[in-house]
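Trainee: I would like to learn how to read a structure like this one. Could we go through a few features together?

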Amino acid sequence: MSCGVAQETTLDRAVRRLRENDSSFTRLNLWNKRIGDEGVSVLADALRVNTSLKVLVLGGNSIGDEGVSVLADALRVNTSLEKLHLSGNSISDEGVSVLADALTVNTSLTKLDLWGNNFGDEGVSVLADALWVNTSLEALYLNGNSISDGGVSILADALRVNTSLEELGLADNSIGEEGVSVLADVLTVNTSLTKLDLWGNNFGDEGEVFESRVDELIEINRDAKSPHKAFGQKVELILDSEHDTIEDAMSLALTGLERFSESDERWDMLGAVLGWRKHGRDVAKALDLTTVLDMYRHASECGASPALVNLLRAQPSLCEHRDEEEQGGLYPFMLLATMPTAEVGDVFEVLLMKPDLVASAITMT
């Protein structure tokens with residue numbers, strides 16, 4: 001009986017301070033207090049009017065779908081709470097879905113811990129929908145639930161566009177080879193995720209290759225100085241891999257060139273795939289004409305002379321290419337000569353590729 005009074009007093013005191021908007025009351029830890037759905041409902045009412053609490057720990061409280069639904073309603077109007085811990089409760093797909101819906105309008109929450117609840121792919125799919133529009137959440141922990149490859153695939157689609165999530169916990173779920181391969185694929189284009197916990201899943205022998213790739217890509221995201229630098233490093237990683245093709249690297253490079261608009265950003269991207277003598281000419285030789293012209297356009301626009309030279313070395317017929325709209329009708333050798341970063345030797349090399357064309361161009365001028 002005394003235990004019940006103590007728990008009620010702790011909760012009552014917390015609710016009172018929340019309603020009073022005590023500015024010093026920024027963290028509330030009710031871990032394992034067994035407040036249940038009824039207790040969290042009272043707490044949620046206070047959160048609707050509170051503007052000071054930043055951290056709320058509600059792990060181990062036997063909270064189910066009913067309680068988390070009331071809490072989700074409070075999150076729709078609360079603008080101060082930044083970290084919410086709901087681990088070790090009894091939240092199912094239904095409860096997670098309601099919580100996820102609140103994330104589409106909440107802009108203050110940066111960390112959500114749902115470790116060790118009772119949801120699976122259905123709940124994760126709704127969380128994924130929220131990640132398409134939510135731009136504040138930085139850490140999401142889904143460890144110890146029943147998420148399978150299907151749920152991970154839906155989550156991965158959201159990670160292709162989400163740029164705010166930095167930490168994702170998926171340990172101790174039911175993710176296999178297919179799921180980890182999907183994560184490896186999405187991490188080639190996602191540059192914000194810097195921590196991904198996959199411990200305790202069973203990927204099998206084939207899945208180990210994808211797990212290793214995930215680790216490499218996460219390391220690039222974590223250490224790269226900027227998103228476009230990360231993109232360029234990933235292009236180089238794919239070029240050097242025995243498990244990927246030049247087409248894979250080129251596809252990623254083109255994605256990066258479309259995503260990053262600044263000249264120096266695109267310069268780095270072109271340098272990664274075409275700019276260095278080590279592989280630039282070999283890559284250029286393997287390209288189809290459409291891709292060659294795409295890369296030529298990008299290199300011309302941002303003045304990436306090393307990439308332009310390797311394109312011309314590998315595709316000499318490109319020396320005759322003139323684009324009246326994009327490059328003012330200049331032949332490539334003329335365009336190269338106007339680039340401040342062009343090496344004199346490279347300019348002469350291109351001139352000697354088509355001497356008759358150069359003579360004709362000079363005569364026309």
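Trainee: Let's begin with charges: how many salt bridges does a search of the whole structure find?

Mentor: A search of the whole structure finds 14 salt bridges. A salt bridge here is a side-chain nitrogen of Lys or Arg within 4 Å of a carboxyl oxygen of Asp or Glu. Keep in mind that this is a predicted model, where local features need pLDDT of at least 70 and side-chain atom pairs count only at pLDDT 80 or more, while totals for chains, interfaces and linings use all residues. Residues are numbered from 1 along each chain as its sequence is written, and side-chain values use heavy atoms, with hydrogens and water left out.

Trainee: Which side chain meets Asp 244 in a salt bridge?

Mentor: Arg 213 does, at 2.7 Å from N to O. This pair links distant parts of the chain, 31 residues apart: Asp 244 is in the loop between helix 9 (227–239) and helix 10, and Arg 213 is in helix 8. Helices (H or I, at least four residues) and strands (E, at least two) are DSSP runs, numbered from the N terminus.

Trainee: Is Arg 213 buried or exposed?

Mentor: Buried means under 20% relative accessible area, exposed means over 50%, and partly exposed is in between (1.4 Å probe, protein chains only). Arg 213 is buried because its relative accessible area is 12%. Asp 244 has 22%, so Asp 244 counts as partly exposed.

Trainee: Where do Asp 294 and Arg 297 lie?

Mentor: Both lie in helix 13, 3 residues apart, which is about one turn of the helix. Salt bridges that share partners join Asp 294 and Arg 297 with Glu 258, Arg 266 and Glu 301 into one network. Between Asp 294 and Arg 297 themselves, the closest N and O atoms of the salt bridge are 3.9 Å apart. Asp 294 is partly exposed at 28% relative accessibility, and Arg 297 is partly exposed at 26%.

Trainee: What about Cys 302: where is its place?

Mentor: Cys 302 is in helix 13, which covers residues 289–302. With a relative accessible area of 11%, Cys 302 is buried. The C-alpha atoms of Cys 302 and Arg 266 are separated by 6.8 Å, although the two are 36 residues apart along the chain.

Trainee: Now pockets, please: what volume does the largest pocket have?

Mentor: About 400 Å³. Of the 17 residues that line this pocket, the closest to its centre are Thr 188, Arg 213, Ile 238, His 243 and Asp 244. The general idea is a 1 Å grid over the protein atoms alone: a pocket is an open set of points where a 1.4 Å probe fits, with protein on both sides within 12 Å along at least five of seven lines, and lining residues have an atom within 4 Å of a point. Grid points are joined across faces, edges and corners, and a volume is the space filled by probe spheres set on the points.

Trainee: Which helix gives the most to the lining of the largest pocket?

Mentor: Helix 8 does, with 5 residues. Helix 7 (177–186), helix 8 (204–223) and helix 10 (246–259) each supply at least two residues of that lining. By class, the lining has 5 nonpolar, 7 polar and 5 charged residues. Here Ala, Val, Leu, Ile, Met, Phe, Trp, Tyr, Cys and Pro count as nonpolar, Asp, Glu, Lys and Arg as charged, and the others, Gly among them, as polar.
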